[in-house]
Structure formats: structure tokens, C-alpha cells
Amino acid sequence: MNVAVKLFAVARQRIGSSTIEVELPAGATVAKLRSALAEQFPPLADILPHTRIAVSNEYVTDTTTITTTTEIALIPPVSGG
Amino acid sequence: MISLTQEPIDPSAVLAQVASHDAGAVVLFLGTTREFTQGRRTASLDYECYPQMAEQKLAELEAETRRRWPLTGCSIIHRLGHLELGEASIAIAVSSPHRAAAFAAGQWLIDTIKEVVPIWKCENWADGTTEWVHPGMES
């Protein structure tokens with residue numbers, strides 16, 4: 001399955017786009033998403049270990065299952081305030 | 001209440017939102033654009049956010065703050081887009097019957113916002129370079 005992933009800040013800057021499409025096996029977890037992102041988008045590889053992943057506006061753990069209907073975003077360390 | 005805005009923040013409007021005859025204390029926090037960070041000079045800042053999630057997280061933090069402390073008012077506004085030196089990027093106003101709760105709630109809110117709300121700052125350094133700020137990550 002292909003899922004869309006939203007990018008912000010340094011992740012968006014490195015890829016040059018605010019959304020990317022990632023190829024994943026059906027039923028993939030967030031951990032699989034991380035490894036697929038690192039393989040398919042090498043400029044993200046070194047920031048992924050520092051980056052949280054949000055699904056439907058909530059931070060999730062690596063065991064969460066991804067579906068094509070959920071909105072996924074990479075959340076690098078935040079710096080608002 | 002919470003809001004995200006592209007417009008300059010008016011602190012008096014934020015204070016008006018938490019005004020209450022039941023309040024004996026009002027605490028206002030402003031985060032402002034600093035010129036020097038570890039010796040490097042900032043020319044300006046740009047802020048961006050993940051809009052739906054940022055609004056949801058701010059609303060959750062307001063609700064959590066109201067659960068933890070007996071507040072009479074709570075208002076959070078975060079600026080987005082381009083900011084010049086000295087401008088406020090965030091205003092947090094809380095009111096409560098007594099000052100201890102207002103100080104504690106305001107401190108907890110700004111500390112927690114800086115950890116969980118998906119908003120990012122880009123430093124436009126005076127030397128012409130730009131850099132997204134990601135605490136704990138070398139980029």
C-alpha cells in the first residue's frame with residue numbers, strides 16, 4: 001500500500017515537498033514505516049531516530065499499525081513557544 | 001481559549017479574555033524574539049505548524065491545565081509566519097482566585113507547549129543563513 005506522510009520544518013526542507021508517498025506492506029507498523037522512510041528517502045535517515053510520528057493528530061509508538069486512511073506526519077523535535 | 005494567528009499578538013486582548021471578578025491574580029507570559037542565541041545574532045524568525053494537530057494539542061493542554069489548577073480563565077495564542085526582533089511569538093494568560101495557581105499553571109503551560117505542540121521555529125541568522133530549530137537534534 002502507498003501512504004502519504006506530511007513533512008515539516010527540516011524534514012520538509014530536506015525533501016523539498018510537504019508530503020511524500022511511502023510504499024509499505026499491508027498491515028505495516030510505525031516501526032516498518034520508519035525503516036521504509038529511511039530506505040526510500042535517504043535524506044531523512046539521520047533525523048528519523050529523533051522524530052516522533054503522529055497518526056490522526058496523536059503521537060504513536062512504533063507498534064501502532066498504519067492504514068491508508070489515517071493521516072500520518074513526521075514530527076521532528078518541536079520549537080514553538 | 002486557544003488560537004493560532006498570523007497577526008501580531010495584542011497582550012491586552014489576551015488579558016481581557018481571562019478577566020473575571022472571581023480572579024485575584026492574572027499571570028501573563030510572553031515569549032519574544034531574542035537577538036542573540038549562544039553568541040549568534042538573529043535577524044528574524046519564521047514559525048510554522050501542523051495546524052490541526054497544533055490546535056488539538058493546545059486545546060488538550062488548556063483542558064489539562066484547568067483540571068490541575070482552579071483557574072477562572074486561560075488563554076493561549078501562538079503567532080505563525082514571520083516575526084521581527086522583540087515581537088511576541090506566544091502569549092499565555094491565566095487567571096485564578098489566588099496567585100500560586102496562576103503562576104504554576106502558566107509555567108506548566110509554556111514548558112509543556114515547548115515539548116509537545118507541533119510548532120517549529122526557523123532562525124534567520126544575521127549572517128544570511130537559515131536554520132530550523134530542533135532541540136536535541138543536530139541538523
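Helices (H or I, at least four residues) and strands (E, at least two) are DSSP runs, numbered from the N terminus. Axes are lines fitted to C-alpha atoms, for helices over the stretch in contact, and angles run from 0 to 180 degrees between N-to-C directions. Two residues are in contact if their C-beta atoms, placed from the backbone, lie within 7 Å.

What you're looking at is a predicted model, where local features need pLDDT of at least 70, side-chain atom pairs count only at pLDDT 80 or more, and totals for chains, interfaces and linings use all residues. Residues are numbered from 1 along each chain as its sequence is written, while chains are lettered from A and ligands numbered from 1 in the order in which they are written.

Let's start with the sheet. In chain B, four strands line up as β1-β5-β7-β2, an open sheet with mixed pairing (strands pair if DSSP finds at least two bridges between them). β1 (2-5) and β2 (25-32) of chain B sit at the edges, each pairing on one side only. From one strand to the next, the twist averages 10°.

β2(B) runs antiparallel to β7(B) (residues 88-96), with eight bridges joining the two.

| Helix | Strands involved | Angle |
|---|---|---|
| α2(B), residues 51-68 | lies across β1(B) and β5(B) (73-79) | about 150° to β1(B) |
| α3(B), residues 99-116 | touches β2(B), β5(B) and β7(B) | about 150° with β7(B) |

Finally, the neighbour: 25 residues of chain B are in contact with 17 residues of chain A.
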